[in-house]
Amino acid sequence: MNYQRFFEDAIDQLHAERRYRVFADLERIAGRFPRAVWRANGRTEEITVWCSNDYLGMGQHPDVIAAMQQAAGGMGSGAGGTRNISGTNHPLVELEDELAGLHGKEAGLVFTSGFVSNEASISTIARLLPNCLIISDELNHASMIEGVRRSGAEKKIFRHNDVAHLESILQAAGRERAKLVVFESVYSMDGDIAPIAAIADLAEKYNAMTYIDEVHAVGMYGPHGGGITEREGLADRIDIIEGTLAKAFGTLGGYITGKRSVIDAVRSYAPGFIFTTALPPAIAAAATAAIRHLKTSQAERDAQQRQAAATKKVLAEAGLPVMETPTHIVPVLVGDPELCKMASDRLLGVHGIYIQPINYPTVPRGTERLRITPTPFHSDQLIVELQAALVETWNALGIPYKAKEQTPVTRTERVIPLVAPASGG
């Protein structure tokens, strides 16, 4: 058997469908965010990054860098193994206490990534509940889908943010059956927000547990950066709040917070936690510094929201098909995978602007887009330069200015193909 052929065929399929992904070789420049060095074909050039998930630039904040350097200097670079083998480094203990306090919960548990925290936590919680039914929003992230799959529990998918559909599923399941409703607060590709209060009402009415993914909201919303649940005063009505340290907090890792019994059960039963090397102390210390800063500083959030609003306004005034969102995410619709990739390539090669193309399966076919994430460090001048670059690119490639009718998302479109895992989002 020619094993190699199967892998070559899988890659050829991606090329044929215009879904093959190429990673840009970028080197961020500390102190000059969002500037970075791009290397390609022996060429080195400074460019501007417009699609980073380091939403507030905290990855280059002096306090965060200093905390990382101090911890690495005092404790070394690695954690030494799993927490069961090597113990828990003290910065990790402090980080979990900080996260629990951020969300007003009894306890927190840190994982090596947001993907792992969702996959391990959802699958473990559902396995521990007898005859659990998982009820999942159809636009949930790939990590949540994988957690649902690995749980082995029965699942039902409710239409995106459709509380009437959710209620029909809850009602049919009955109050006595164990139920876990999993959803996100901010959906990162469309930038919309879940009806959290209505979902919490239904969960209480039908005796269901709730699990919310706040990865694109923590640090960004609420008076202390606790996310949409904090902003809307709903954190106490959600059983498990999951988040990431790798976006607005500018470091690495994922976490869950909730009642001590739930967190302890996940800690004790989740293979994705038990058998994984712990987060290094330097990263834990840096994350804690970022959280503590954003708990007391509103300046970064205010500046980011101001620049996001300015970006939407300036691009819309040029007739570009900006998809309306109530959040910091600025999607610009292209509607064709090949044009989307060509637009991204042209912006980088001609204009020195990096914006990753977002194609299927991360978004449904026909809704391919450029996903722009302004930060406090994207100045008004950079926004004007972005508008000019996008207009030139739209004209050069013949991309429509008027937004197409969005294709309704169906459950089958959200299945993640084996050969093309979704992007990190």
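Asn140 sits in the loop between E5 and H6, in a predicted model. Helices (H or I, at least four residues) and strands (E, at least two) are DSSP runs, numbered from the N terminus. Residues are numbered from 1 along each chain as its sequence is written. Local features need pLDDT of at least 70 and side-chain atom pairs count only at pLDDT 80 or more, while totals for chains, interfaces and linings use all residues; side-chain values use heavy atoms, with hydrogens and water left out.

**Confidence**
- The average pLDDT (the predictor's confidence in each residue, from 0 to 100) is 93, and 94% of the residues score at least 70.
- Residues 403-424 have a pLDDT below 50, and this stretch makes 51 contacts (heavy atoms within 4.5 Å) beyond near neighbours in sequence in the model.
- Where pLDDT is low, the predicted coordinates should not be read in detail.

- Asn140 is buried at 0% relative accessibility; buried means under 20% relative accessible area, exposed over 50%, and partly exposed in between (1.4 Å probe, protein chains only).
- The side chain of Asn140 reaches the backbone oxygen of Val182 at 3.0 Å. Such a polar contact is a pair of N or O atoms within 3.5 Å; within protein, one must be able to donate a hydrogen and the other to accept it, and residues adjacent in sequence count only if both atoms are side-chain atoms.
- Thr325 lies in the loop between helix H13 (299-317) and strand E11 (330-333), and is buried with a relative accessible area of 13%.
- The Thr325 side chain reaches two backbone oxygens, that of Ile329 at 2.8 Å and that of Thr327 at 3.3 Å.
- Leaving aside residues up to four places away in sequence, Thr325 touches Asp190, Gly191, Lys312 and Pro331.

**The sheet**
- An open, mixed sheet is formed by 7 strands in the order E4-E10-E9-E8-E7-E5-E6; two strands pair if DSSP finds at least two bridges between them.
- Strand E4 (107-111) and strand E6 (154-158) are the edges, each pairing on one side only.
- Strand E5 (residues 133-137) runs parallel to E6 over 5 bridges, with Ile134 opposite Lys155.
- E8 and E9 are parallel and share 3 bridges, one partner pair being Tyr211 and Ile240.
- E9 and strand E10 (residues 254-258) are antiparallel with 4 bridges, and Glu242 stands opposite Ile256.
- Strand E9 (residues 240-244) is largely enclosed by the rest of the structure, because 5 of its 5 residues are buried.
- From E9, Ile240, Glu242 and Thr244 point one way, and Ile241 and Gly243 the other way.

**Helices on the sheet**
- Helix H6 (residues 142-151) lies across E5, E6, strand E7 (179-184) and strand E8 (209-213), at about 160 degrees to E7. Axes are lines fitted to C-alpha atoms, for helices over the stretch in contact, and angles run from 0 to 180 degrees between N-to-C directions.
- Helix H7 (residues 163-173) touches E5, E6 and E7, and its direction makes about 150 degrees with that of E6.

**Nonpolar cores**
- The largest nonpolar core has 55 residues, and those with the most contacts inside it are Leu95, Val181, Phe183, Leu245 and Phe249. Such a core is a set of buried Ala, Val, Leu, Ile, Met, Phe, Trp, Tyr and Cys residues joined through side-chain atoms within 4.5 Å.
- H12 gives the largest share of this core, 7 residues.
- Another core, of 29 residues, lies apart from it and includes Cys51, Leu315, Leu348 and Leu370.
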